[in-house]
Amino acid sequence: MKDSTKEKAKGLAHSLKAAISDRWFHDITDRLDGLLSEIKTRFKDEDDHVIFRQLPEARPMTMSLTEALSLRKSRRTFSDEPLSDADLATLLWAADGITHDGGKRTTPSALDWQEIDIYVLKSNGIWHWVPEKNGLIFCELKDIRSETIIAQPTIHIAPAHIVYVANRARTESFVSRLGEKVIDKVKPRGFDSAKIEEMRERAMTIDVGAKIQAVYLAAATINVACVARTGFDRDRLGELLHLSPEEKVIAVQTVGYAPHSIADTFL
Ligand SMILES: Cc1cc2nc3c(=O)[nH]c(=O)nc-3n(C[C@H](O)[C@H](O)[C@H](O)COP(=O)(O)O)c2cc1C
């Protein structure tokens with residue numbers, strides 16, 4: 001290729017990248033407005049309590065991966081000390097943070113569906129994570145932390161629970177519909193719609209698993225105690241989060257600080 005053609009191609013690629021990035025920022029503003037009004041409707045907020053709260057940037061995590069993997073473990077005793085915003089932001093960024101302007105995430109998802117929504121339950125209410133804005137939408141002033149627990153008394157004291165919700169509607173993307181059409185035509189080894197649905201369910205669960213491990217590793221790095229949990233009534237939790245039939249709670253991850261003493265856990 002001639003040098004001038006190369007330069008032109010480079011310039012074009014640069015402008016295209018800038019345009020995509022610009023579009024992405026516009027999309028995000030639209031998405032935040034859309035999310036705010038959707039949550040307002042869903043949580044029947046007539047008094048305009050639904051607001052966006054900016055979080056600080058995630059803390060730098062400089063521990064080696066070898067050390068973080070070695071330190072990772074489940075902890076089930078907590079202090080009631082509130083989780084700092086910086087620590088919460090670090091865990092949420094690990095679970096579902098933006099790594100590039102194009103909207104790429106810290107954790108993978110099947111066909112890049114990005115179908116997992118994250119809620120945070122704290123004593124001061126229900127919050128919805130907005131990765132593109134590194135912040136939380138306040139949904140409702142209701143402490144529903146105990147609704148995530150079955151027969152695990154030490155967990156009640158924990159200051160926060162991260163709730164992973166899969167939104168099946170988002171798995172109906174253009175690419176997946178196209179893939180399904182091809183499968184439908186070719187019918188490779190008897191692949192039918194039930195098998196496609198099973199694959200979809202499996203992918204959504206695995207996408208949550210990736211987030212859970214990322215949070216475990218981040219928690220080990222910043223010395224936060226955490227435990228992943230599936231032991232809860234998912235229907236009850238779904239009701240309290242006002243989820244649509246397309247949305248399902250997959251898992252909860254409880255986070256907080258280790259107790260300073262035994263008295264700190266139970267008193
Ligand atoms: C999908 C999943 C569900 C889990 N559910 C619970 C749970 O409901 N309650 C609990 O205390 N721990 C739960 N755990 C934590 C496991 O018990 C824990 O990972 C296991 O005992 C190994 O311990 P470690 O994480 O310290 O390596 C769950 C872990 C996973 C991955």
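Trainee: What order do the strands of the open sheet have?
Mentor: The order is β1-β4-β3-β2-β5-β7-β6, 7 strands with antiparallel pairing. Strands here are DSSP E runs of at least two residues, helices are H or I runs of at least four, and both are numbered from the N terminus. Two strands pair if DSSP finds at least two bridges between them.

Trainee: Which are the edge strands?
Mentor: β1 (52-54) and β6 (225-229), each pairing on one side only. The twist averages 30° from one strand to the next.

Trainee: Before I go on, what kind of model is this?
Mentor: A predicted one: local features need pLDDT of at least 70, side-chain atom pairs count only at pLDDT 80 or more, and totals for chains, interfaces and linings use all residues. Residues are numbered from 1 along each chain as its sequence is written.

Trainee: Back to β6. How many bridges does it form with β7?
Mentor: 5, in the antiparallel sense. Ala-225 stands opposite Gly-256 in β7.

Trainee: And which strands does α3 touch?
Mentor: α3 packs on the sheet against β2, β3, β5 and β7. Contact means C-beta atoms, placed from the backbone, within 7 Å. The direction of α3 makes about 160° with that of β2. Axes are lines fitted to C-alpha atoms, for helices over the stretch in contact, and angles run from 0 to 180 degrees between N-to-C directions.

Trainee: How many α3 residues are buried?
Mentor: 10 of its 12, including Trp-93 and Asp-96. Buried means 20 or more other C-beta atoms within 10 Å of the residue's own, with C-beta atoms placed from the backbone. What covers them includes α5 (193-222).

Trainee: Where does α5 lie?
Mentor: Across β2, β5, β6 and β7, at about 10° to β7.

Technical notes: Contact = placed C-beta atoms within 7 Å.
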